[in-house]
Amino acid sequence: MRCVIQRVTQASCTVYNKITGQIDLGLLVLLGVEEEDSQEDMQWLGQKLVNLRIFSDENGLMNKSVQDVQGNILLISQFTLFAQTKKGNRPSFIRAGKPDMAKPMYEEMGKLLSQLLGKEVQMGVFGGDMKIDLRNDGPVTIIMNTKDKDNF
């Protein structure tokens with residue numbers, strides 16, 4: 001799994017002019033799933049997301065997690081995180097999980113994050129034509145990859 005994590009003061013997902021998910025302070029998580037991803041990857045990433053200390057404490061240091069600040073999470077599926085751009089100018093998405101595997105993993109990640117966070121996680125629509133609005137706070141943007149845990 002790959003994800004782009006953005007600390008936000010607000011974020012929303014709209015599909016066909018209907019808001020499917022909306023948060024104030026919290027994390028916007030763009031999540032890509034690949035065929036080799038496992039429950040272990042999901043558990044590792046879920047724990048990292050809710051415990052990642054990227055919110056400011058009383059001294060202005062990034063020392064608090066989304067849980068510590070009673071923040072929320074907006075989870076968006078994004079297969080394009082697995083774009084391969086080595087050849088030509090048209091990206092290949094061959095490494096992205098096929099919908100029959102990736103959609104259940106995305107939905108399960110939403111449930112896991114809700115459990116870990118102790119509140120409902122807001123979601124996008126898998127495969128939908130989503131419009132994402134956000135106000136990045138900082139800006140703070142972090143990339144994580146469960147296949148390269150030592151470097152992320």
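Figure 1. α1 has 13 residues. From first C-alpha to last, α1 reaches 18 Å, close to the 18 Å expected at 1.5 Å a residue (the expected span is 1.5 Å times one less than the number of residues). Helices (H or I, at least four residues) and strands (E, at least two) are DSSP runs, numbered from the N terminus. This is a predicted model: local features need pLDDT of at least 70, side-chain atom pairs count only at pLDDT 80 or more, and totals for chains, interfaces and linings use all residues. Residues are numbered from 1 along each chain as its sequence is written, and side-chain values use heavy atoms, with hydrogens and water left out. Asp41, Met42, Leu45, Gly46, Leu49 and Val50 are buried in α1 (buried means under 20% relative accessible area, exposed over 50%, partly exposed in between; 1.4 Å probe, protein chains only). These residues cover an arc of only 140° around the axis, so they sit on the same side of α1 (the arc is that of the directions from the helix axis to the C-beta atoms). Their cover includes β1, β3, β6, α2 and β8. At the start of α1, a side-chain oxygen of Ser38 comes within 3.3 Å of the backbone nitrogen of Glu40.

**Figure 2. The largest nonpolar core.** A nonpolar core is a set of buried Ala, Val, Leu, Ile, Met, Phe, Trp, Tyr and Cys residues joined through side-chain atoms within 4.5 Å. The largest has 30 residues. Leu31, Ile73, Leu75 and Met109 have the most contacts inside this core. β1, β3, α1, β6, α2 and β8 each supply at least two of its residues. The largest share, eight residues, comes from α2. A second, separate core has twelve residues, among them Val8, Ala11, Leu74 and Ile76. In soluble globular proteins, nonpolar side chains tend to be buried together.

**Figure 3. Ile73 and Gln122.** Contact means heavy atoms within 4.5 Å. Neighbours within four places in sequence aside, Ile73 contacts Ile23, Leu27, Val29, Val50, Val66, Leu113, Leu117, Val121 and Gln122. Gln122 belongs to strand β7 (residues 122-123). Gln122 is partly exposed, at 22% relative accessibility. The C-alpha atoms of Gln122 and Ile73 are 6.2 Å apart, although 49 residues separate the two along the chain. Not counting residues up to four places away in sequence, Gln122 touches Thr20, Gly21, Gln22, Ile23, Ile73, Leu74 and Leu75.

**Figure 4. Arg7 with Asp137.** A salt bridge is a side-chain nitrogen of Lys or Arg within 4 Å of a carboxyl oxygen of Asp or Glu. By this rule there are six salt bridges. One of them joins the side chains of Arg7 and Asp137 (3.3 Å, N to O). Arg7 lies in β1 (residues 2-15) and Asp137 in β8 (residues 130-145), so the pair ties together parts 130 residues apart in sequence. Arg7 is buried, at 7% relative accessibility. Asp137 is partly exposed, at 25%.

**Figure 5. Further salt bridges.** The side chains of Glu34 and Arg95 meet in a salt bridge (3.1 Å, N to O). Glu34 sits in the loop between β3 (26-32) and α1 (39-51), Arg95 in the loop between β6 (72-77) and α2 (99-117), 61 residues apart. Glu34 is buried, with a relative accessible area of 3%. Arg95 is partly exposed, at 33%. Asp129 and Lys131 also pair through their side chains (3.1 Å, N to O). Asp129 is partly exposed, at 43%, and Lys131 is partly exposed, at 48%. Asp37, Asp41 and Lys147 are linked in a salt-bridge network.

Key
Polar contact = N/O pair within 3.5 Å; in protein donor to acceptor, adjacent residues only side chain to side chain.
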